[in-house]
Amino acid sequence: MLLARILDEKFASLYRMGKIHGGVFIGRGQEALSVAIGLALRKGDVFAPLIRDTAGRLAFGEPVLDAVRTYLGSPLGPMRARDGNVHRGRPKDGLYVMISHLGAMIAVVNGALLAHRFKGIGGTVGVACIGDGATSTGAFHEALNQAAIEKLPLVLVVANNYYAYSTPNERQFACRSLTDRAIGYGAQGHSVDGTDLGACLKVIGEAVNLARGGAGPQLVVGRLLRLCGHGEHDDAGYVDPKLKASPVGRDCLKVAEEQLLGQSWANAETLATWRSEAAQKVEETVAKVQREPGPDPYKEDWCALASKHLAEGHHEAA
Amino acid sequence: MSITYLDAIREAQAKALADDPRVFIYGQDVGAFGGAFKATKNLAQQFPGRVIDAPISEDAMLGLAVGAAIEGMRPIIEIQFADFSTVGFNQIVNQAATLHWRTRVPCPITVRLPGGGTSGSGPFHSQSMEALYAHYPGLIVMTPATVEDAYSMLLEAVALDDPVIFCEHKYLYYHLKAEKLPTEAMPVGKARIARPGRDMTIVAYSAMVHEALEVAEELASERFEIEVVDLRSVKPLDTDTVMASVARTGRLLCVGEAFPWGGVTAEVIARVASEGFGLLDAPPQRLNAKDTPVPYHPNLWAAHRPTAHSIAAAARRLLHL
């Protein structure tokens, strides 16, 4: 969580310095829910994070180097500068690479889980992350229905941060609670205070265990506020100040630190050490990647096919 | 024994399932029912658990195929009618088509699209979707015109490491027959000279190949020798074979059943005009369906798409230019 916060803040700072091409999307305020996912998953599981899941990605095992190389457009990164920012992962390691179309990754995770069933690989779980906005898509509906029909071990985590970009919940859905949707699909629903790390670890952990044990798809809805804009270009001036002042507007990182101190699992000195270690790791990685050369268009093969022999020549003026 | 185009598609799927445990079929009504057109007849019984009925969710069907492919499977997705693939368009063009380029992980999925017009089918059960998918990088688009190609190209589609849009023509399902299934085949990406000639080239694909062959036969009685090129796959498009044919004949008519704006015929003509202008003795011509939705009534439908009659008229005009 702490590493994710510091890494995200570094990306935001690099963005403001003009060092990042394109947008920066950070998970400030959503780290507790996200990290709980990464911690609940094991090797062999499948994870399709969304844009605010730096914490979940790191906990699942994504190297800081992959994140930095993708944001800074290094050809040495997993996306080779062909795709950037939050569009990164290593599918063969179970970390799927999101496309921008919301809800589209859920069915992809279903496919992975069905493949595991075909191959006789038991006990694996797939998690797909979405926000409140994606629950309005046809893709969400189709995929959750599909997972329920096939009784797949899918855990669908909805980070309900009350705004899809600037659109508030009341313009997004009219049901009482998104958790209520689960029963309509034949899935099990869970809701959790997304600002409370302890609660997130418990509820996400239970949902993952249920799916792993064969109970079919689980829908987890976390209530929280993103403590930042949709992207770093956005000042989020549309967020209701009353919501910010309410418990849902708490900073989950501060809450987690208070919990650690309250339980005497860590003291202030330990927290300071963790913080400086995380900052050092991020600074060292950024410094390393900033020395790497950018992609060379002359070294690109400009071929989208795996079957290179079927690539068409260029039929346009050179 | 005679084998139809539809039988060939069924047999190719049976062989793919038998030869490769990574293959499975997913689509609406494909299981015990055997598919809306019976292209998967008895396959669910022959291959238990591997021919799966899908809900009416084209987006989720295609998304599932991509996830299964990432984990090493080789899914065949039957879209009941090509027209309905628009509901799953996003997963095809943004998810499947970009996966390998972005992540180096291949996406070996085959999407079967029963398309093209049949009498009485109307605007939403008749469309030809090849141009739409050929537009996107990362996809292979096959358009078999013969029983032999329906069989061998479908097997090749399953074996390829890329997403393949397999455009099978519903009109050919029962109309086209062959004596036996092929044991060898031309590779995908190579067009075929369906009939040699020296006076004019007609480039066609899918069901239009047969209309073009009928025209070639008709014009032979007027002592014209028409060369018919069957593209077989529209992406990759075998420009070399087309260009070599135009070099022999000097005249080009390109025929497609899809809507006229852009598309396969426009692409063929653009390539010949820009790369083989000097080979042409007359302006290259194209003939497509009309720029309206596909009409329901047979009288209107027959006038909407190119037929041997309208192709012959276009060919005669071009021969006298």
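## Chain B as a whole

Chain B of this predicted model has twelve helices and 14 strands. Helices (H or I, at least four residues) and strands (E, at least two) are DSSP runs, numbered from the N terminus. The radius of gyration of chain B is 19 Å, close to the 20 Å that the globule rule gives for 321 residues, so chain B is as compact as a globular protein of that length. This radius is taken over C-alpha atoms, and the globule rule is 2.2 Å times the number of residues to the power 0.38. The C-alpha trace of chain B spans about 60 × 40 × 40 Å along its principal axes.

Of the 321 residues in chain B, 56% are buried. A residue is buried if 20 or more other C-beta atoms lie within 10 Å of its own, exposed if 12 or fewer, and partly exposed in between, with C-beta atoms placed from the backbone. Among contacts in chain B between residues at least 6 apart in sequence, 78% join residues at least 24 apart. Two residues are in contact if their C-beta atoms, placed from the backbone, lie within 7 Å.

Residues are numbered from 1 along each chain as its sequence is written, and chains are lettered from A and ligands numbered from 1 in the order in which they are written. Because the model is predicted, local features need pLDDT of at least 70 and side-chain atom pairs count only at pLDDT 80 or more, while totals for chains, interfaces and linings use all residues.

## Chain A as a whole

Chain A has eleven helices and seven strands. Its radius of gyration is 20 Å, close to the 20 Å that the globule rule gives for 318 residues, so chain A is as compact as a globular protein of that length. The C-alpha trace of chain A spans about 60 × 50 × 40 Å along its principal axes.

Buried residues account for 50% of the 318 residues in chain A. For chain A, 72% of the contacts between residues at least 6 apart in sequence join residues at least 24 apart.

## The contact between the chains

Chain A puts 33 residues into the contact, and chain B puts in 38 residues. On the side of chain A that touches chain B, helix H5 (104-118) and H6 each supply at least two residues. H5(A) gives the most to this side, with eleven residues. By class, the side of chain A that touches chain B has 19 nonpolar, nine polar and five charged residues. Ala, Val, Leu, Ile, Met, Phe, Trp, Tyr, Cys and Pro count as nonpolar, Asp, Glu, Lys and Arg as charged, and the others, Gly among them, as polar.

Helix H6 (residues 138-149) of chain A meets helix H3 (residues 58-70) of chain B, where their axes come within 8 Å and cross at roughly 65 degrees. That makes H6(A) roughly perpendicular to H3(B). Axes are lines fitted to C-alpha atoms, for helices over the stretch in contact, and angles run from 0 to 180 degrees between N-to-C directions. Angles under 35 degrees count as roughly parallel, over 145 as roughly antiparallel, 65 to 115 as roughly perpendicular and the rest as oblique. From H6(A), the contact uses A:Gly138, A:Ala139, A:Glu142, A:Ala143 and A:Gln146, and from H3(B) it uses B:Asp59, B:Ala60, B:Gly63 and B:Leu64. These comprise four nonpolar, three polar and two charged residues.

## H3 and H4 of chain B

H3(B) also packs with helix H4 (residues 89-103) of chain B, at an angle of about 10 degrees and with the axes 9 Å apart. H3(B) is therefore roughly parallel to H4(B). H3(B) contributes B:Asp59, B:Leu62, B:Gly63 and B:Val66 to this contact, and H4(B) contributes B:Asn90, B:Gln91, B:Ile92, B:Gln95, B:Ala96 and B:Leu99. The contact of H3(B) with H4(B) has five nonpolar, four polar and one charged residues.

## Individual residues

B:Ser206 lies in the loop between strand E10 (200-204) and H8 of chain B. Phi of B:Ser206 is near 55 degrees, a positive value in a residue other than glycine. B:Ser206 is buried, with 28 C-beta neighbours inside 10 Å. B:His210 is in helix H8 (residues 208-220) of chain B and is also buried, with 21 other C-beta atoms within 10 Å. B:His210 and B:Leu172 are 38 residues apart in sequence, and their C-alpha atoms are 9.5 Å apart in space.

The peptide bond from B:Lys235 to B:Pro236 is cis, with omega near 0 degrees. B:Pro236 is in the loop between strand E12 (233-235) and helix H9 (239-249) of chain B. In chain A, A:Asn85 lies in the loop between helix H4 (64-71) and H5. Phi of A:Asn85 is near 40 degrees, a positive value in a residue other than glycine. A:Asn85 is buried, with 21 other C-beta atoms within 10 Å.
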